[in-house]
Amino acid sequence: MPDDTPATHAPATHDLGGSSHFRCTPIDPDDSPPDAFGRRVDAVRQLLAQKKMMTVDELRRGIESIPEEEYHALGYYERWLRAITKLMIEKGVITAEELR
Amino acid sequence: MTAAIAPGTRVRVKADWPEERGPCHIRTPHYVRGRTGTVERVLGAFPNPEDLAFGRPAPRRMLYQVLFDQQPLWNEGNPRDTVLIEIYEHWLEPVSEGRH
Amino acid sequence: MAAPPRPESVALLEKLVAALSAKGILTEEEIAARQAITDRASPETGARMVAKAWTDPEYRALLLSNGTAAAEAMGVTMAGAPPLGVLEDTPTRHHLVVCTLCSCYPRAVLGYPPHWYKSAAYRARAVRDPRGVLAEWGTHLPDNVEIRVVDSTADYRWMVLPMRPAGTEGWSEERLASIVTRDCLVGVALPKVA
């Protein structure tokens, strides 16, 4: 008996394995490390995790909840920043007003 | 936590699509759901990311590396090529006699 | 190329840091210290581990059975880092590491992931067209070699132990490490003797 085929289900935006949308997209050979913005976001993320204010899976959930168009339009660390900010507001650590 | 599934055991990944039921965070890629593979390694027990993502108490779950043939997943590619994926025990079910 | 962050993102980051600092949650000094520690991690560590495994059978066995302990034996602090697994290439099997769901990467021993590793195209294609992906790096493997793609979906991080190339007999560990690039440790390239 053949296995069930997942063809009838649309994968979530971040669940990119095998995505036909990118099958003809060459891989950008850019192998530069993150810029100053990315490294700073990364350091903030690590500190918040160390201080038990956020788990990596909470960060991932935040990233995964970004709507598809924005997910692909935002830079990698911009997605992280978006997710961290949303989480800190969700947890009541900071308020949206403080970020205006 | 159930007893470890021995390496070499054939297992089927549940054909479940929790993302269609509401907000969730899962680490089982879409392209192996409903597919049959072979347990390659037992990696140990880790807090369930599906709970961690929502800041809930996260019971530990056994984590396995499961090997799949690549060609049946996509109906293309080299028949020798494989994919090795980390999958939690609660996503795996036994393969019944005669299913494969 | 990775696009620079938009100005509103840069501004948001500064507001976030200011708000967190004002509440005593973190300081600029902590951010700078964290960044300095992170900046120090580099693929040279992974390369040294591979070179040692090529010359020391005991270390090779440790590397393959417990990557975390093998990293610690090289002086890497693994406390707080995800466990490390190392997968051994053979004449009939080649490993290629990807994370299709996000960008899991063995940062403790390889440093920051490169831009391409995080790109949608790499994440989408590596599990479906690994030979096409490898070709973009100029890496061509015979059809009778299994390409085993490792989708790094959960709690481990994975590094490849490539095969030691011919023509390196008698080389020192240091010289061996010099041909093990980051790309070799992810599996998109093979170590080459110049």
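These legends describe close-up views of a predicted model.

**View 1. The two domains of chain C.**
The domain assignment divides chain C into domain 1 (7-39) and domain 2 (42-186). The C-alpha centres of domain 1 of chain C and domain 2 of chain C are 32 Å apart.

**View 2. The interface of chain C and chain A.**
Here 51 residues of chain C meet 53 residues of chain A. The size of an interface is often given as the accessible area lost when the parts come together. Chain C and chain A bury about 4600 Å² between them. Carbon and sulfur atoms account for 59% of that area. C:Leu13, C:Leu16 and C:Arg34 supply 12% of the area that chain C buries against chain A, more than any other three residues.

**View 3. Polar links and elements between chain C and chain A.**
Eight salt bridges cross the interface of chain C and chain A. One pairs the side chains of A:Lys51 and C:Glu30, at 2.7 Å from N to O. There are also 23 residue pairs in polar contact across the interface of chain C and chain A. On the side of chain C that touches chain A, the elements giving two or more residues are helix 1 (7-22), helix 2 (28-40), helix 7 (115-118), helix 8 (120-125) and helix 9 (130-136) of chain C. Helix 1 of chain C gives the most, with ten residues. By class, this side of chain C has 28 nonpolar, seven polar and 16 charged residues.

**View 4. A salt bridge between A:Arg40 and C:Glu14.**
Side chains of opposite charge can pair when their charged atoms come close. The closest N and O atoms of A:Arg40 and C:Glu14 are 2.9 Å apart, in a salt bridge. A:Arg40 lies in helix 1 of chain A and C:Glu14 in helix 1 of chain C, so the pair joins two chains. A:Arg40 is buried, at 16% relative accessibility. C:Glu14 is partly exposed, with a relative accessible area of 36%.

**View 5. A:Thr85 beside chain C.**
A:Thr85 sits in helix 4 of chain A. This residue is buried, with a relative accessible area of 7%. Leaving aside residues up to four places away in sequence, A:Thr85 touches A:Leu99, C:Leu12 and C:Leu16. C:Leu16 is also one of the three residues that supply 12% of the area chain C buries against chain A. The side chain of A:Thr85 reaches the backbone oxygen of A:Leu81 at 2.7 Å. A:Leu59 is 26 residues away from A:Thr85 along the chain, with 9.8 Å between their C-alpha atoms.

**View 6. Helix 2 of chain A.**
Helix 2 (residues 56-64) of chain A is largely enclosed by the rest of the structure, because eight of its nine residues are buried. Among them are A:Asp57, A:Leu59, A:Ile63 and A:Glu64. The buried residues pack against helix 1 (36-50), helix 3 (68-73) and helix 4 (76-90) of chain A. They also pack against helix 1 (49-52) of chain B and strand 4 (157-161) of chain C.

**View 7. The interface of chain A and chain B.**
Chain A brings 20 residues into contact with 24 residues of chain B. Chain A and chain B bury about 1900 Å² between them, with 45% from carbon and sulfur atoms. Three salt bridges cross the interface of chain A and chain B. A:Glu64 and B:Arg27 meet in a salt bridge at 3.9 Å, N to O. Nine residue pairs are in polar contact across the interface of chain A and chain B. The side of chain A that touches chain B has six nonpolar, five polar and nine charged residues.

C:Arg148 forms a salt bridge with B:Glu40, with the closest N and O atoms 3.2 Å apart. C:Arg148 is in strand 3 (residues 146-151) of chain C and B:Glu40 in strand 2 (residues 36-47) of chain B, so the pair joins two chains. C:Arg148 is buried, at 5% relative accessible area, and B:Glu40 is partly exposed, at 28%. Within chain C, the side chains of C:Arg93 and C:Glu146 meet in a salt bridge at 3.1 Å, N to O. This pair links distant parts of the chain, 53 residues apart. C:Arg93 is partly exposed, at 30% relative accessibility, whereas C:Glu146 is buried, at 11%. Shared partners join B:Glu40, C:Arg93, C:Glu146 and C:Arg148 into one network of salt bridges.

Note on methods: Residues are numbered from 1 along each chain as its sequence is written. Chains are lettered from A and ligands numbered from 1 in the order in which they are written. This is a predicted model: local features need pLDDT of at least 70, side-chain atom pairs count only at pLDDT 80 or more; totals for chains, interfaces and linings use all residues. Side-chain values use heavy atoms; hydrogens and water are left out. Domain bounds come from an automatic or database domain assignment. Contact means heavy atoms within 4.5 Å. Buried area is the accessible area (1.4 Å probe) that two parts lose on being put together, summed over both. A salt bridge is a side-chain nitrogen of Lys or Arg within 4 Å of a carboxyl oxygen of Asp or Glu. A polar contact is a pair of N or O atoms within 3.5 Å; within protein, one must be able to donate a hydrogen and the other to accept it, and residues adjacent in sequence count only if both atoms are side-chain atoms. Helices (H or I, at least four residues) and strands (E, at least two) are DSSP runs, numbered from the N terminus. Ala, Val, Leu, Ile, Met, Phe, Trp, Tyr, Cys and Pro count as nonpolar, Asp, Glu, Lys and Arg as charged, and the others, Gly among them, as polar. Buried means under 20% relative accessible area, exposed over 50%, partly exposed in between (1.4 Å probe, protein chains only).
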